[in-house]
Amino acid sequence: MASRAVKQAGAKKKVGVKGARRPEVRLPPLVPYGGGGLEPDGDYDGLEFSAVDFVGQDGAGARFMDCALTGCALDETRLHHARVLDSVLTGIRGVGTDFASATFRDVELVDARLGGVQVHGAVLERVVVRGGKIDYLNLREARLRDVVFEGCVLVEPDFAGARLERVEFVDCVLKGADFSGVSLTDVDLRRAAELDFVRGVDRLAGAVISPGQLVELAGVFAAEMGVRVVGLGE
């Protein structure tokens, strides 16, 4: 009997989902940014960027280490292949920001207001996106590991072809999400405030949803399988 109980407990454990490891960002005393504009392949270490206007600037390949960016404008800012490490970005805003193929590691993104941001092909590891709203987030072919979307609104996010491992959606709204071609491992959708998929519900293997979400998504699953739901007498 005891052996059976142990086996049952082990089986229950396997049903669960591994939680994301959150970043532990501890910034050192920071030096105020002196201005001068971004530079391609620039090296920014231990700096505080407060309400800086980076609109239209080119910081491709730049490295931000132990930095705080607060209230900065990033409209059409080119930051592809940039590396953002052990940093906190608060209240940043921008349309058309280019973070393609960038690396984010141990990063907190708080209350962002972004639209059409390009993050395709990027690598995100130990990242928390908390609060704010991001429209048309392009994460195609990106790799996300230990990422938490918390209390934010994502409008038409594009995860097509991305790989997600230990990713959590907590009190987060997903509207018109594209999950086509994704690869999911330990992705927890149970605490999402709203789930709405336009494509890719057939790729949710590796994700966990709640019983209530299963009921809400029943029509989407049926449509994906080609099943018509018709009441008696109709």
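Visitor: Which residues line the largest pocket?

Guide: Rolling a probe the size of a water molecule over the atoms shows where empty space is left. A pocket is an open set of points on a 1 Å grid over the protein atoms alone, where a 1.4 Å probe fits, with protein on both sides within 12 Å along at least five of seven lines; lining residues have an atom within 4 Å of a point. In this predicted model, the largest pocket is lined by Val123, Leu124, Glu125, Arg143, Leu144, Arg145, Arg163, Leu164, Glu165, Ser183 and Thr185. Two or more of the lining residues come from each of β9 (123-135), β10 (143-150), β12 (163-170) and β14 (183-188); strands are DSSP runs of E, at least two residues long, numbered from the N terminus.

Visitor: How may the model and its numbering be read?

Guide: Residues are numbered from 1 along each chain as its sequence is written. The model is predicted, local features need pLDDT of at least 70, side-chain atom pairs count only at pLDDT 80 or more, totals for chains, interfaces and linings use all residues, and side-chain values use heavy atoms, with hydrogens and water left out.

Visitor: How much space lies in the largest pocket?

Guide: The largest pocket holds about 210 Å³, a volume being the space filled by probe spheres set on the grid points, which are joined across faces, edges and corners.

Visitor: Which residues does Phe169 touch?

Guide: Contact means heavy atoms within 4.5 Å. Leaving aside residues up to four places away in sequence, Phe169 touches several residues, including Phe149, Phe159 and Val187.

Visitor: How many helices and strands has the protein chain?

Guide: The protein chain has 3 helices and 16 strands, a helix being a DSSP run of H or I with at least four residues.
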